[in-house]
Amino acid sequence: MSQEPKIWTKRFISISMTQFLIFLSFYTLMTTLPIYVIDNLGGTEAEGGLVVTAMLLAAIIVRLFSAKLLDKTGKKRGLLISVTIFAVTSFLYLIIDAFMPLLALRFIHGLSFGIITTATGAIAADIIPPSRRGAGLGYFAMAMNLAVVIGPFIGLTLLQYTSFQNLFIILGILMIVAIMNSAMVNVPKEKVAPKAIKQRLTIHDFIEMKAMPIALISSLVALAYASVMSFISVYANGLGLASTASYFFVVFAAVMLLSRPYLGRSFDSKGPKFVILPCLFLFAIGLVSLSITNTPWMLLLSAALIGLGYGTLLPSFQTMAIQAAPNNRSSHATSTFFILYDSGIAAGSFIWGIVVTAIGFSNLYLICAVIILVAIGLFHMYHSKVNKTKMKNEIA
């Protein structure tokens with residue numbers, strides 16, 4: 001009886017820990033910096049959203065070139081350099097005390113972030129046994145999913161007891177640990193085929209076209225999720241539920257962790273449609289619930305619905321994007337996916353900051369629920385088209 005190849009190797013754990021720590025810092029700052037801008041720097045909600053957008057805009061720009069850059073440096077070397085730059089940048093928040101310098105620092109921070117997240121996703125795809133890539137990428141994505149929850153919880157909880165300065169120091173120290181983990185990632189020797197010196201660049205040098213459809217759908221989900229990620233703390237403060245806001249992410253995490261093993265197995269055994277469509281519906285219902293929230297229990301119920309829905313969507317979409325591309329294009333598929341996903345988060349963080357001043361948070365979350373319904377229709381069309389193509393190929 002043959003034994004299944006192992007996923008949880010030392011190098012897989014190291015790359016997953018690197019991913020977790022980087023996203024822990026990212027999501028902690030994403031949730032707390034809007035508060036810092038509004039309360040400490042006297043900024044507006046729109047400016048609070050802009051500090052999120054600035055970092056993601058830089059990440060989107062550099063991701064156009066990150067796959068090509070990693071081809072030249074090698075994935076491990078590129079990862080180690082970019083994680084080191086990310087860590088150094090993390091400590092620079094300590095000397096920033098005005099909005100425009102903060103905006104510039106966020107842009108610089110985003111450059112290394114874009115390279116890191118392309119490298120980690122591509123390395124994970126390369127070291128997971130091909131026969132278990134669907135399950136393995138799902139487990140790998142849990143590192144980011146956990147950071148989505150733990151980061152904001154740590155940030156919002158610490159700010160009840162300490163200053164932003166101490167928060168920045170803690171995040172900087174965690175990034176030193178991330179450098180250590182990235183150094184321990186054992187990547188197989190990469191063979192880079194020599195190319196002609198004079199060669200015209202094409203769209204395929206930057207984008208994996210086969211990953212585009214699912215990446216576009218994920219960008220709509222990200223657009224809606226940006227309203228939660230960037231403004232849930234501000235929304236809760238306005239409702240007088242500041243003490244409950246940090247528990248929003250605890251409930252989110254608990255529901256996500258409990259459901260992930262079953263949904264991950266179902267994704268592999270029953271296909272993406274079985275998992276993704278119900279999760280999209282639950283996400284939409286959670287947003288509607290959030291729009292009518294006025295008590296702690298309703299806020300936590302919304303967290304449970306959003307955790308159950310959104311918590312599985314990102315790894316599922318990322319897995320589909322990588323599986324749609326050839327094995328030697330894992331860097332490009334990962335880059336393409338995150339370019340579109342981050343574009344959704346960046347656009348949402350900025351646009352919703354402007355929109356909410358005009359229509360309020362309740363109407364904002366209703367609009368986001370409608371966006372998810374649009375994503376449901378698009379995913380159904382995409383999945384049906386993929387199935388028809390598979391059937392034609394099998395008949396041929």
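**Entry 1**

I looked up lysine 75 and found it buried, because its relative accessible area is 11%. For the burial classes I used these cut-offs: buried is under 20% relative accessible area, exposed is over 50%, and partly exposed lies in between (1.4 Å probe, protein chains only). This is a predicted model, where local features need pLDDT of at least 70 and side-chain atom pairs count only at pLDDT 80 or more, while totals for chains, interfaces and linings use all residues. Residues are numbered from 1 along each chain as its sequence is written, and side-chain values use heavy atoms, with hydrogens and water left out.

Which side chain meets lysine 75 in a salt bridge? I found aspartate 126, at 2.7 Å, N to O. A salt bridge here is a side-chain nitrogen of Lys or Arg within 4 Å of a carboxyl oxygen of Asp or Glu. The pair links distant parts of the chain: lysine 75 sits in helix 3 (residues 75-91) and aspartate 126 in helix 4, 51 residues apart. Helices are DSSP runs (H or I, at least four residues), numbered from the N terminus. Aspartate 126 counts as partly exposed, because its relative accessibility is 33%.

**Entry 1: the other salt bridge**

How many salt bridges does the rule give? The count comes to two. I turned to arginine 63 and aspartate 342, whose side chains meet at 2.0 Å, N to O. Arginine 63 lies in helix 2 and aspartate 342 in helix 11 (residues 330-395), so the pair ties together parts that are 279 residues apart in sequence. I checked burial too: arginine 63 is buried, and so is aspartate 342.

I checked the length of helix 2 next. Its 29 residues should span 42 Å at 1.5 Å a residue, and its end C-alpha atoms are 40 Å apart, which agrees. The expected span is 1.5 Å times one less than the number of residues.

Where does helix 2 bend? I found a bend of about 45° at phenylalanine 65. The bend is the angle between axes fitted to the seven residues ending at a residue and the seven starting there. Glycine 74 follows helix 2, and its phi is positive, near 90°.

Helix 4 also has 29 residues. From first C-alpha to last it reaches 42 Å, close to the 42 Å expected. I noted that helix 4 is mostly covered, with 22 of its 29 residues buried.

**Entry 2: a nonpolar patch**

I looked for nonpolar surface and found a patch of about 480 Å². Its residues are Leu57, Ile61, Leu64, Phe65, Phe107 and Leu111. The elements that give two or more residues to this patch are helix 2 (45-73) and helix 4 (99-127). Helix 2 gives the most, with four residues.

A patch takes residues with over 30% relative accessible area and no salt bridge; like charges are joined within 9 Å, and nonpolar side chains (Val, Leu, Ile, Met, Phe, Trp, Tyr) within 5 Å. Accessible areas come from the Shrake-Rupley method with a 1.4 Å probe; for residues, only the protein chains shown count as cover.

I picked out isoleucine 61, which lies in helix 2. Isoleucine 61 counts as partly exposed, because its relative accessibility is 38%.

**Entry 3: aromatic pairs**

I counted rings next, and the total comes to 24 aromatic pairs. One of them joins phenylalanine 23 and tyrosine 27: it is stacked, 5.8 Å centre to centre, with 25° between the planes. Rings of Phe, Tyr and Trp (its six-membered ring) pair if their centres lie within 6.5 Å; planes under 30 degrees apart are stacked, over 60 edge-to-face, and the rest tilted.

Phenylalanine 23 and tyrosine 27 both lie in helix 1 (residues 10-40), four residues apart, about one turn of the helix. Phenylalanine 23 counts as buried, at 2% relative accessibility. Tyrosine 27 counts as buried too, at 2%.

Another pair is phenylalanine 283 with tyrosine 310: tilted, 5.6 Å centre to centre, 55° between the planes. This pair links distant parts of the chain, 27 residues apart: phenylalanine 283 in helix 9 (residues 272-291) and tyrosine 310 in helix 10 (residues 296-324). I found both phenylalanine 283 and tyrosine 310 buried.

I also noted a cluster, where ring pairs link Phe23, Phe26, Tyr27, Phe86 and Phe113.

**Entry 4: methionine 381**

Is methionine 381 buried or exposed? Methionine 381 is exposed, because its relative accessible area is 55%. It lies in helix 11.
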